[in-house]
Amino acid sequence: MDALIGIGGGKLLDLTKSAGNSLQKEIILIPTLASTCAAWTPLSVIYDDNGSYIRYDIHEKSAWMLFIEPGILLESPIEYLRAGIGDTLAKWYEGNALVEKLATKSVCIELAHIAAKQCQEVLLTYGEEALADLKKGKWTDSLQRVIETNIITSGLVGGFGDQYLRIAGAHSIHNGMTSITQTHHLLHGEKVAYGILVQLMLEGKFSEIKQLLPLYQVLKLPMTLIDIGLTVEHRVEIQQIAALSAKEGEGIHLLFPGINEEKVTSAMINLEILTAHGSTSMD
């Protein structure tokens, strides 16, 4: 056996990368969804049998070859492309927040920062049109740009930036959300999209939240507790998300050293207040 071939979504591609690195074989990946940058990045996210996040493993080798086949991706469900937009938007909001803390930037970090900004600009410009084109089954420039951004440009951010632009607050909120059964109807990128808003609340970047809310509404990305399966009355579940998001070792500490459950809980509740005044629920 010369190589392992993985054909599928993010979890299958992550499994292929883990197995290939363990067996020291070349890895060939063919994504059937444009929902994450799993086909590009040299890491695998590990979950338990209940779907709760455990950790991510960074591999020595990434894919030897990546095939992006339009015919396959035109058949993919629209909700996965939507989730991919949410996950890829985080490349800018998490990455930029981390870069802002650096006194100096290497050339690689600068390249990653540029790629992260490109992710945001492409998705804000072409995201809505790409979803409409996929729904019609039409391969267009907008759809190609968004798919390539979700897989390739997104992968470049972590590839060049490594821990300086890989994950921060939004992905930590996602990790906490995976422990709550009410959120299991959401895809990875949808949880991350909600996490972006919570992170921006913690940063006090309210104008950026208000800029994103109309896009979230059009794309049907989660922005309220109802959207993620909860209400303000689900205090125990909200606190559990917050506690796991802020536990030791989570990426959120790169942005907010000493962050705790109370601060994350407060951000989630305050986001609910802001969205109630700034927009309406997805439904």
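Helix α7, which covers residues 188–203, has 16 residues and reaches 22 Å from its first C-alpha to its last, close to the 22 Å expected at 1.5 Å a residue, where the expected span is 1.5 Å times one less than the number of residues. Helices here are DSSP runs (H or I, at least four residues), as strands are (E, at least two), numbered from the N terminus. The model is predicted, with local features needing pLDDT of at least 70 and side-chain atom pairs counting only at pLDDT 80 or more, whereas totals for chains, interfaces and linings use all residues. Residues are numbered from 1 along each chain as its sequence is written, and side-chain values use heavy atoms, with hydrogens and water left out.

Helix α7 is mostly covered, with 13 of its 16 residues buried; buried means under 20% relative accessible area, exposed over 50%, and partly exposed in between (1.4 Å probe, protein chains only). After α7 comes G204, whose phi is positive, near 75°.

Two packed helices are described by the angle between their axes and the distance between the axes. In this model α3 packs with α7 at an angle of about 30°, their axes being 7 Å apart, which makes α3 roughly parallel to α7. The axes of α3 (residues 78–99) and α5 (residues 141–161) come within 10 Å and cross at roughly 40°, so α3 is oblique to α5. Axes are lines fitted to C-alpha atoms, for helices over the stretch in contact, and angles run from 0 to 180 degrees between N-to-C directions; angles under 35 degrees count as roughly parallel, over 145 as roughly antiparallel, 65 to 115 as roughly perpendicular and the rest as oblique.

The residues that α3 brings to α7 include R82, D87 and Y93, and those on the α7 side include H188, I196 and E203, contact meaning heavy atoms within 4.5 Å. By class, this contact of α3 with α7 has nine nonpolar, four polar and five charged residues. The contact of α3 with α5 has six nonpolar, five polar and one charged residues.

Two glycines lie elsewhere: G51 is in the loop between β3 (43–47) and β4 (53–58), and G71 is in helix α2 (residues 70–73).

| Residue | Relative accessibility | Class |
|---|---|---|
| G51 | 32% | partly exposed |
| G71 | 39% | partly exposed |

From C-alpha to C-alpha, G51 and S106 are 37 Å apart in space and 55 residues apart in sequence.

How values were computed. Nonpolar A, V, L, I, M, F, W, Y, C, P; charged D, E, K, R; others polar.
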